[in-house]
Amino acid sequence: MLGVASLHLWIDPSNPPGFHRDEASIAYNASTISTSLRDEHGGLLPLYIESFGDYKSPVFVYALAGLFRLTGPSSEVARGLGAVGVLAAVLLLALLAFRRTRDVRVAAAVAALGGLSPWLFELGRVAVEVTLEPLVLVVLLLVLEDAWRRNRWGVTHGVAAGALLALLAYTYAGARLLAPLLAASLLVFARRERLRSLGAAWATFAVLLMPLIAYAVRHPGALSARFHHTTFVKGDMSDWEVVRTFVGNYLTDISLWSYVTGGDPKPHIHIAGTGMLLATGVALAAAGSVLSIRVAREDRWAAFVLLATILVPIPAALTADRMNGYRLALLPIMLVVLAIPALEALVQWAARDRRALVVAGALTAVALVQFAGFLSTYHEKGGFARAELYEAGVPALLAQAFANGAAVHMDLDEPRAHAHARWYAATHDISQDRVVVLSDGGVPPDGSIVFGRAQACDFECREFARSDTYWLARARVPN
């Protein structure tokens, strides 16, 4: 477990290289909230943070704002929060395993399965909202397991479960659909003596969702903008086409062997040529699923885990991207949970038959070899492969732009450039007054430096430096 913690807390600033524009936008808004309680647009303690026409969920942003209040803005701190969030989820999975089995060996094995999962390791390398989603889900599973094991279904457990479901809804966009589905799934615990607890959970969940609903009413389309941007559903599709496509997407997203041999095709999320899941973890999860199904009628917590595993891929299946490492971030968590009964059975078998040690040794060897291969590829090729995707050359451009002490100008229609420039200024003690966003059709002073991305100047300028799609130019205003 110390090895897992050391692995996840080692933040390499060169891998992923640079700081992606989404990370820069999230981190900059966290920094402004930490000092003025306002986001970059001047909104006072906004529930959702507007960014590139999208709206970021608040949990990661406000947690990071609290950290920045203590440390000041830093890319390493921002990514450190993501790493700590994922690591905390892994360690709490070990606690969950110990509570289920009362066997420290099973708990240690679960920590290893989660900690050596390439999917979870890569998730903890970035400063994005979804890095805290696994932690919230694991805490919810702990609360429900505690209530089931103790057979104490009081209001306290119900309120805690409802609050955690609401927190999940505020953590990531896809969880706004998943959280109500999980709330409905609490029905698997329904018994006469538990109705008060279930009622408390649903009431708490409903009350805490009221700010989200009010925000959606006051800002029409804000919380559905991301869905409309990413969904495969088009206006001319029939209901049958929607259902058929959804089912196909869902089956693709749960093709576990595809994650063992590869995974997310987007190289800025996952290193190509490596697996996202350990073959050992998938095998144990499959065996654990069979064992859980056998006891689900008596063990309602196991039934809830099975149902939650089925529900987790639904939000991702509604999008156009397949096997997305961020939108399916809860899937590796549920697979580790499903592996717990299989690991317990393996330990019990080993107590009766030494052949079980051979099986355990083989599973361990496969996991270690696969993770070692992933880690080697990640460190040897990761930074190089993702340099442009993570816009690693942007800081050098901005260092050149701000070197002469003058303002840097940007076009109104380049929000990604705004995010990079503002974050660079925040982390290098540069006044935000030197980050100038031009008005629509505005022209900067003659000779001033312009920072842009993709589109050319709306005025006469001469480019003198470039990194991929980002560039620096000097404005020229005719006499």
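Modeller: Let us begin with a definition: a salt bridge is counted when a side-chain nitrogen of Lys or Arg lies within 4 Å of a carboxyl oxygen of Asp or Glu. Please keep in mind that the model is predicted. In this structure, Arg79 and Glu23 form such a bridge, with their closest N and O atoms 2.9 Å apart. Arg79 belongs to helix 4 (residues 75–101) and Glu23 to helix 2 (residues 21–36), so the pair ties together parts that are 56 residues apart in sequence.

Biologist: Are Arg79 and Glu23 buried or exposed?

Modeller: A residue counts as buried when its relative accessible area is under 20%. Arg79 has 3% relative accessibility and is therefore buried. Glu23 is buried as well, with a relative accessible area of 1%.

Biologist: How many salt bridges does the structure hold?

Modeller: The structure holds 18 salt bridges. Among them is the one between the side chains of Asp253 and Arg322, at 2.9 Å from N to O. Asp253 lies in helix 12 (residues 239–253), whereas Arg322 lies in the loop between helix 16 (314–317) and helix 17; the pair therefore ties together parts that are 69 residues apart in sequence. Asp253 is buried, its relative accessible area being 0%.

Another bridge joins the side chains of Lys266 and Asp321, at 3.1 Å from N to O. Lys266 is in the loop between helix 13 (256–261) and helix 14 (279–295), and Asp321 is in the loop between helix 16 and helix 17, so this pair ties together parts that are 55 residues apart in sequence. Lys266 is partly exposed at 29% relative accessible area, and Asp321 is partly exposed at 24%.

Biologist: Which residues are linked in a network of salt bridges?

Modeller: Such a network links Arg99, Glu145, Asp146, Arg149 and Arg150.

Biologist: How should I read a nonpolar core?

Modeller: In soluble globular proteins, nonpolar side chains tend to be buried together. Here the largest nonpolar core has 123 residues, of which Leu141, Leu182, Phe189, Trp301, Phe304 and Tyr326 touch the most other members. Helix 17 (residues 331–352) supplies the largest share of this core, with twelve residues. A second, separate core has 18 residues, including Leu397, Phe402, Met410 and Val435.

Biologist: Which residues does Trp301 touch, not counting those up to four places away in sequence?

Modeller: Trp301 touches Leu96, Arg100, Leu141, Leu144, Glu145, Trp148, Phe189 and Val337. One of these, Glu145, also takes part in the salt-bridge network.

Biologist: How is a disulfide to be read?

Modeller: A disulfide is a covalent bond between the sulfur atoms of two cysteines. The count in this model comes to one disulfide, which joins Cys457 to Cys461 with an S to S distance of 2.1 Å. The link of Cys457 and Cys461 is right-handed, with 100° about the S-S bond. Cys457 is buried at 17% relative accessibility, whereas Cys461 is partly exposed at 27%.

Biologist: Where is Asp413 placed, and how far apart in space are Asp413 and Arg453?

Modeller: Asp413 is in the loop between strand 3 (408–410) and helix 20 (415–427), and is partly exposed, with a relative accessible area of 48%. Asp413 and Arg453 are 9.6 Å apart in space, C-alpha to C-alpha, and 40 residues apart in sequence.

Notes
Residues are numbered from 1 along each chain as its sequence is written. This is a predicted model: local features need pLDDT of at least 70, side-chain atom pairs count only at pLDDT 80 or more; totals for chains, interfaces and linings use all residues. Side-chain values use heavy atoms; hydrogens and water are left out. A disulfide is a pair of cysteine sulfur atoms within 2.5 Å. Buried means under 20% relative accessible area, exposed over 50%, partly exposed in between (1.4 Å probe, protein chains only). A nonpolar core is a set of buried Ala, Val, Leu, Ile, Met, Phe, Trp, Tyr and Cys residues joined through side-chain atoms within 4.5 Å. Helices (H or I, at least four residues) and strands (E, at least two) are DSSP runs, numbered from the N terminus. Contact means heavy atoms within 4.5 Å.
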